[in-house]
Structures are given as structure tokens and as C-alpha cells.
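Work through the exercises below on the structure shown. Each task is followed by a solution in steps.

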Amino acid sequence: MLAVNSNINIDNFHDGLRRHASRFYAGIAPIYVVEHILPVLGFDVRESKVSTPLSTVGVLSKSEQCLISAINKNGGVASFLEIAEEFFLHSLSLPAVSVTLKRSPIAEKVNEGFHKLRGIDISWQQIEDAQKRQKRFAQDEEVTHGLDGVVRMKFTVNSYAFLTGVIGAYSVREMSGSWSLVYKNKLYGEVKIDESYLWSLAKLFKELGVKMGDRMELGFNTWNRSLSIKRIKNGSS
């Protein structure tokens with residue numbers, strides 16, 4: 001089953017099929033060929049709408065089940081971080097979120113940074129509600145560049161960072177790459193930064209007893225590519 005909706009526009013269905021097939025093939029047949037062959041496979045195609053009696057039971061992967069759960073829990077529209085929270089609760093990795101959103105046919109992007117189930121109509125109110133919810137992920141980061149070669153980023157630990165040890169790094173994306181994580185002169189391995197996220201703070205967060213709402217500061221030493229961390233204010237205080 002390629003769509004969670006039983007009655008879906010053929011163009012939308014074709015796009016979902018293309019996403020699914022991209023895992024194995026460079027491309028798929030043109031839409032008019034797909035529309036012709038679908039009835040042979042048990043699908044009903046009428047007035048450019050595709051419907052099917054087929055069940056999704058036992059077909060969807062664990063990642064796709066989590067994707068559906070996250071979107072349904074969040075009123076039909078979910079952000080990347082809301083989906084990632086659901087994946088984390090089911091012991092799935094953060095990279096799995098990106099892979100699932102890119103390749104699974106069951107969801108599609110709506111507006112920038114939000115996702116809905118393919119073929120399901122949503123309203124602008126649902127999108128606005130989703131946008132308002134993102135305040136809980138706000139890091140309120142402040143970035144300063146010191147004359148000592150250290151770039152400092154202050155941020156508030158949100159629920160996502162608390163759960164995963166991953167923080168948004170868009171404001172320091174020029175620092176992308178690997179950094180040696182140091183706390184009180186002790187090395188805690190390496191963290192990595194891409195255009196969007198800084199990874200691998202979970203172990204140190206746990207050791208420091210970091211809580212949601214804590215105000216932290218990262219110090220990027222550009223001379224030796226080491227990263228220090230300290231708590232500025234405890235969220236419970």
C-alpha cells in the first residue's frame with residue numbers, strides 16, 4: 001500500500017510512488033502508464049482519483065508507523081522536531097527521521113518544515129496551530145564572537161535537546177564539522193555540526209544533570225577546534 005488515504009489524486013499518488021521507488025530505482029514510468037496499470041494491481045482509478053481496498057497492516061515499517069503517529073498526535077500537521085520526538089520515544093535514530101521523510105510515500109511536506117499525511121486535506125488553521133507549537137522548541141540562542149578566537153553560543157535546553165542531546169545549530173552553521181568536546185579539561189569525544197544540528201551532547205548532558213529550561217553556553221575555540229560547555233542558569237531555579 002503506497003498511501004494511507006484510500007482516495008487520492010493520481011498526481012499525488014504518482015509522487016508518493018516515485019518516492020518509494022527512489023530507494024531502488026532511478027525513476028518510474030510516466031503517470032499515464034501508472035494510471036493504466038493500477039487497476040490490474042487491484043486499485044480503482046476514477047476521475048483521476050485512486051482508491052484501493054488493500055490494507056496497510058503489516059506493510060508499513062516501524063519508522064512509517066512512528067511518522068503517522070507523530071502527525072496524528074499533532075493535529076494532522078507535524079514539524080521535523082515533533083516527528084523526531086516520536087522516533088526517539090520508539091528508540092529510532094535521528095537520521096531515520098530524515099530518511100523516512102525523504103523516501104516514504106505516506107507523507108508530504110506542507111509549508112516550510114511541516115509534514116502531513118499524503119492525500120489528507122488540511123486547513124491553514126492546522127498549519128498555524130503547528131507553527132505556534134514550535135515555541136516549545138525555541139532555544140533563544142545568542143551568538144557572540146570573542147577576540148580570543150572563541151565563538152560563544154548561549155541557548156536554552158528545550159525538550160528535544162533534553163531527550164536527544166541534539167541542538168539546533170543554524171546560527172553557528174559556519175562552524176560545521178567535527179569538534180573535540182571538553183569539560184573541565186576532560187575529553188568527551190567528538191561532536192559534529194551540519195547546517196542544521198549539533199550532535200552528541202547526550203552523554204555530557206546526563207553527567208551534568210542538565211534539565212529542560214537550563215541555560216547553557218557552548219564555546220567554540222576556533223584555534224584548536226575544541227568545544228567547551230557550561231551551565232549559566234538552572235531551569236529549576
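**Exercise 1.** Find the atom distance of the salt bridge between Lys 73 and Glu 86, and state where each residue lies.

Solution. Step 1: the side chains of Lys 73 and Glu 86 form a salt bridge at 2.9 Å, N to O; the criterion is a side-chain nitrogen of Lys or Arg within 4 Å of a carboxyl oxygen of Asp or Glu. Step 2: Lys 73 belongs to helix 3 (residues 62-73) and Glu 86 to helix 4, 13 residues apart, so distant parts of the chain are linked. Helices here are DSSP runs (H or I, at least four residues), as are strands (E, at least two), numbered from the N terminus. Step 3: Lys 73 is exposed at 57% relative accessible area, whereas Glu 86 is buried at 5%. Buried means under 20% relative accessible area, exposed over 50%, and partly exposed in between (1.4 Å probe, protein chains only).

The model is predicted: local features need pLDDT of at least 70, side-chain atom pairs count only at pLDDT 80 or more, and totals for chains, interfaces and linings use all residues. Residues are numbered from 1 along each chain as its sequence is written, and side-chain values use heavy atoms, with hydrogens and water left out.

**Exercise 2.** Which residue forms a salt bridge with Glu 82, and how far apart are the closest N and O atoms?

Solution. Step 1: the partner is Arg 133, with the closest N and O atoms 2.7 Å apart. Step 2: Glu 82 is in helix 4 and Arg 133 in helix 6 (residues 124-133), so this pair ties together parts 51 residues apart in sequence. Step 3: Glu 82 counts as buried at 2% relative accessibility, while Arg 133 is partly exposed at 23%.

**Exercise 3.** How many salt bridges does the whole structure have, and what percentage of the residues count as buried?

Solution. Step 1: a search of the whole structure gives eight salt bridges. Step 2: of the 237 residues of the chain, 44% count as buried. Step 3: the chain has eight helices and 14 strands.
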